[in-house]
Amino acid sequence: MSSGFPLDRSVIGSYDRRVVRRDARQRKVTIREAAESDRADWVRLRHALWPGSLSDHETETRKHFENPGKVPVVFVAEAGERVVAFLELDCRKYAPGCSSSPVPFIEGWYVEPGFRRHGIGRALVEAAEDWARAAGHHEIASDAESENADGIAAHRALGYREVERVVCFRRSLRKT
């Protein structure tokens, strides 16, 4: 979860402004910083974005609340009584196409399928951008898997510019 380059929350404190929007179906959606009571939903949504070890998600989200100020900022979108989306913002020493360091980086961004295309993802990104601006940053970065056409389209729709594509390789060194 953490890139090893902690965000300095002391610069601006926590994101305490609640952004309330109505989506296209007129559901009230609140964007806010995650609270410990959101942890089970955050784990569920992380698992939907990054399938794999549920225990790793449990451990990382628990550590988030045990070590405030030294871990990513996490925003959630709440529709009614339910958390339906999240965004994790951390800082990296470097991000492709960026000239500053550290660079706020959107490490994870997920909206439940039934709530997509209603401005919730945009509102989460705007909260992250507001937080980064308030902390004195002048750019923000993110990424998406090359086969994630929806994620790439969502970034472009929000004004993010593609700066690089990477193909990663692996070779086993075991003798067969």
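Visitor: How do you know what helix 3 should span, and how far apart are its end C-alpha atoms?
Guide: Helix 3 covers residues 120-134, and those 15 residues at 1.5 Å a residue should span 21 Å. The expected span is 1.5 Å times one less than the number of residues. The end C-alpha atoms are 21 Å apart, so the two values agree. Keep in mind that this is a predicted model: local features need pLDDT of at least 70, side-chain atom pairs count only at pLDDT 80 or more, and totals for chains, interfaces and linings use all residues. Residues are numbered from 1 along each chain as its sequence is written, and side-chain values use heavy atoms, with hydrogens and water left out.

Visitor: What makes something a helix or a strand, and how many does the protein have?
Guide: Both are DSSP runs, numbered from the N terminus: helices are H or I with at least four residues, strands are E with at least two. The protein comes to 4 helices and 6 strands. Starting at the N terminus, they run β-β-α-α-β-β-β-α-β-α.

Visitor: Why is Val84 called buried?
Guide: Buried means under 20% relative accessible area, exposed means over 50%, and partly exposed is in between (1.4 Å probe, protein chains only). Val84, in strand 4, has 0% relative accessibility, so Val84 counts as buried. Across the protein's 176 residues, 41% count as buried. Val84 also shows how a chain folds back: Gly114 is 30 residues away in sequence, yet the two C-alpha atoms are 9.0 Å apart.

Visitor: Which residues of helix 3 are buried?
Guide: Quite a list, including Ile120, Leu124, Val125, Glu129 and Trp131. Just after helix 3 comes Gly136, with a positive phi of about 95°.

Visitor: What makes a group of residues a nonpolar core?
Guide: They must be buried Ala, Val, Leu, Ile, Met, Phe, Trp, Tyr or Cys residues, joined through side-chain atoms within 4.5 Å. The largest such core here has 24 residues, and Phe75, Ala77, Leu87, Leu89, Ile106, Ile120 and Leu124 have the most contacts inside it. Strand 2 (28-33), strand 3 (73-79), strand 4 (82-92), strand 5 (103-111) and helix 3 each supply at least two of its residues. Helix 3 gives the most, with 7 residues. A second, separate core has 9 residues, among them Ala34, Val74, Val76 and Tyr110.

Visitor: Why is the contact between Glu78 and Arg32 called a salt bridge?
Guide: A salt bridge needs a side-chain nitrogen of Lys or Arg within 4 Å of a carboxyl oxygen of Asp or Glu. Here the N to O distance is 3.4 Å, so the pair qualifies. Glu78 sits in strand 3 and Arg32 in strand 2, 46 residues apart. Glu78 has a relative accessible area of 17%, so Glu78 is buried. Arg32, at 8%, is buried as well.

Visitor: How many salt bridges are there, and which residues form a network?
Guide: The structure holds 13 of them. Asp41, Arg44, Arg82 and Glu112 are linked in a network.

Visitor: What makes Arg46 and Glu88 a pair that ties parts of the chain together?
Guide: Their side chains meet at 2.6 Å, N to O. Arg46 lies in helix 1 and Glu88 in strand 4, so the pair ties together parts 42 residues apart in sequence. Arg46, at 2% relative accessibility, counts as buried, and Glu88, at 1%, counts as buried too.

Visitor: Is Glu58 buried, partly exposed or exposed, and how do you know?
Guide: Glu58 has 34% relative accessibility, so Glu58 counts as partly exposed. Its salt bridge partner is Arg39, with the closest N and O atoms 3.2 Å apart. Arg39 is in helix 1 and Glu58 in helix 2 (residues 54-66), 19 residues apart.
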